[in-house]
Amino acid sequence: MKFFIAAPFGNYIKPTGCIPVTGTYTLHARGNVLWSILTTLRYDFKSRGWRNKLGLPNPGVKNGLHRHFHGGEVLSIAEIQKGDFKKLVEIIPEGTDIELNLSCPNLAKRLPWDSARVFTQTSTRKWCIAKLSPLTTPEQLEFLIDDLGFTQLHFSNTLPLGGGRGGLSGRVLRPYTMDLIRLVRENWGSDIEIIAGGGVNDFGAVYEYLNEGANHVSLGSVCFNPFKLRKLLKDIRDE
């Protein structure tokens, strides 16, 4: 079992024993990270989760590889224009562990996933993860697993709110993630490696995900609270 620090937290938080996910990076630079955080990130008290409309601001994959990425980490990438993945695979060093963000709710358009297969055609990566929406359908999972060949899935990205309101993270994701874990286990058994995330702010949530069938756990919005994160990591190490 592994614990991942979800992007973008993995750019800056790299605890011993955890796998940081850096990014998310795109082919070209997008926006200003600090400005996007200041203007769009808000805590939703009603839903007890974080709402954002960041839209993947980043310095571009080449700068990201130089600034933040080190050995033992996973590089998160996303496609903005159709065909970007085919260009990204030429830039990213062979053997680099990656996570394909296929589910950001704050992009202007949705792209088909077919070009993502360029990353599953090589066996030199220990991690080649697809990060998916909590609203992923059985048909989408079938295409991703059976057609594209992904065997490592991360549930879930932020919950799309619609109407340009961004995405919601936190404990609201738990029932969606649990349903997706069950769906994969019922249809693909143990052939698929599952990373579960969403509302993991105590060891109870870790246990629930593992008990449902997850192989690994991702820590995300808990990173906003360094004291809670430190306690959770201590509880993990003590188990």
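A surface patch, as used here, is made of residues with over 30% relative accessible area and no salt bridge, with like charges joined within 9 Å. Keep that in mind for the opening stop. The model on your screen is a predicted one.

**Stop 1: a negative patch**

Select E139, E142, D146 and D147, and show their side chains. Together these residues form a negative surface patch. E139 belongs to helix α4, which covers residues 138-147. Is E139 buried or exposed? Its relative accessible area is 55%, so E139 is exposed, given that the cut-off for exposed is over 50%.

**Stop 2: aromatic pairs**

Next, turn to the aromatic rings. How many aromatic pairs does a search of the whole structure find? The search gives 3, and we will visit some of them. A pair of aromatic rings is described by the distance of the centres and the angle of the planes.

Begin by selecting F4 and W127. Their rings make an edge-to-face pair, with 5.1 Å from centre to centre and 90° between the planes.

Now select F9 and F224. This aromatic pair is edge-to-face too: the centres are 5.0 Å apart and the planes are at 90°. Colour the two residues by accessibility to compare them. F9 has 16% relative accessibility, so it counts as buried. F224 has a relative accessible area of 35%, so F224 is partly exposed.

**Stop 3: along the loop between β1 and β2**

The peptide bond from A7 to P8 is cis, with omega near 5°, and P8 lies in the loop between β1 and β2.

Move on to Y12, which is placed in this loop as well. With 57% relative accessibility, Y12 counts as exposed. Y12 and H68 are 56 residues apart along the chain, and their C-alpha atoms are separated by 8.1 Å.

Then select G23 and T24. Here is another cis peptide bond, running from G23 to T24 with omega near 5°. T24 is found in strand β2.

**Stop 4: salt bridges around R182**

A search of the whole structure finds 6 salt bridges. To see some of them, select R182 and D179 and show their side chains. These side chains meet in a salt bridge, at 2.4 Å from N to O. Both residues lie in helix α5 (residues 174-188), where they are 3 residues apart, about one turn of the helix.

With D179, R182 and E212 all selected, you are looking at a network of salt bridges. How accessible is each member? R182, at 31% relative accessibility, counts as partly exposed. D179 is partly exposed at 43%, and E212 is partly exposed with a relative accessible area of 24%.

**Stop 5**

For the last stop, select K231 and D235. What joins K231 with D235? They form a salt bridge, with the closest N and O atoms 3.0 Å apart. Look down the helix to see how they are placed: K231 and D235 both lie in helix α7, 4 residues apart, about one turn of the helix. Finish by checking the accessibility of each partner. K231, at 52% relative accessibility, counts as exposed, whereas D235 is partly exposed, with a relative accessible area of 23%.

Note on methods
Residues are numbered from 1 along each chain as its sequence is written. This is a predicted model: local features need pLDDT of at least 70, side-chain atom pairs count only at pLDDT 80 or more; totals for chains, interfaces and linings use all residues. Side-chain values use heavy atoms; hydrogens and water are left out. Patches are made of residues with over 30% relative accessible area and no salt bridge: like charges are joined within 9 Å, nonpolar side chains (Val, Leu, Ile, Met, Phe, Trp, Tyr) within 5 Å. Accessible areas come from the Shrake-Rupley method with a 1.4 Å probe; for residues, only the protein chains shown count as cover. A salt bridge is a side-chain nitrogen of Lys or Arg within 4 Å of a carboxyl oxygen of Asp or Glu. Lys and Arg count as positive and Asp and Glu as negative; His and the chain ends are not counted. The place of a charge is taken as NZ of Lys, CZ of Arg, CG of Asp or CD of Glu. Helices (H or I, at least four residues) and strands (E, at least two) are DSSP runs, numbered from the N terminus. Buried means under 20% relative accessible area, exposed over 50%, partly exposed in between (1.4 Å probe, protein chains only). Rings of Phe, Tyr and Trp (its six-membered ring) pair if their centres lie within 6.5 Å; planes under 30 degrees apart count as stacked, over 60 as edge-to-face and the rest as tilted.
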